[in-house]
Amino acid sequence: QVQLVESGGGLVQPGGSLRLSCAASTNILRFGAMGWYRQAPGKQRELVARIASVGSTKYADSVKGRFTISRDNSKNTVYLQMNSLKPEDTAVYYCNTEGPNLWGQGTQVTVSS
């Protein structure tokens with residue numbers, strides 16, 4: 001059974017940075033793409049960033065220029081570098097794979113002074 005384990009969440013002040021990691025228990029090249037989603041209280045889960053197996057990326061408009069998704073295939077890990085964090089970035093962040101559709105358990109990110 002494939003597992004995705006997220007880490008790196010926490011409490012940070014506005015303007016700060018965090019790096020999230022998603023470690024897979026299998027070779028991530030088997031997936032068509034991997035991504036990060038987030039869900040804030042009372043809101044629907046939304047795509048934050050996505051990276052294909054060939055390395056192409058896609059970002060939500062709200063995070064463009066602030067967040068960067070990357071992958072290290074040798075470590076079976078996908079990262080989300082988050083800079084210039086804002087209170088509206090507060091949410092539970094989930095790692096996702098495409099083909100098959102799998103989810104991690106989520107990691108809380110709270111941006112507050």
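A residue is called buried when its relative accessible area is under 20%, exposed when it is over 50%, and partly exposed in between (1.4 Å probe, protein chains only). D89 is buried by this rule, at 0%, and R38 is buried as well, at 6% relative accessibility. E46 is partly exposed, with 36%, and D61 is exposed, with 65%.

The model is predicted: local features need pLDDT of at least 70, side-chain atom pairs count only at pLDDT 80 or more, and totals for chains, interfaces and linings use all residues. Residues are numbered from 1 along each chain as its sequence is written, and side-chain values use heavy atoms, without hydrogens and water.

Side chains of opposite charge can pair when their charged atoms come close. A salt bridge here is a side-chain nitrogen of Lys or Arg within 4 Å of a carboxyl oxygen of Asp or Glu, and the structure holds five of them. R38 takes part in one with E46, where the closest N and O atoms are 2.7 Å apart. R38 also forms a salt bridge with D89, at 2.9 Å between the closest N and O atoms. Together with R66, the residues R38, E46 and D89 are linked in a network of salt bridges. Another salt bridge joins D61 and K64, at 3.1 Å from N to O.

By class, the lining of the largest pocket has three nonpolar residues (Ala, Val, Leu, Ile, Met, Phe, Trp, Tyr, Cys and Pro), seven charged (Asp, Glu, Lys and Arg) and four polar (the others, Gly among them).
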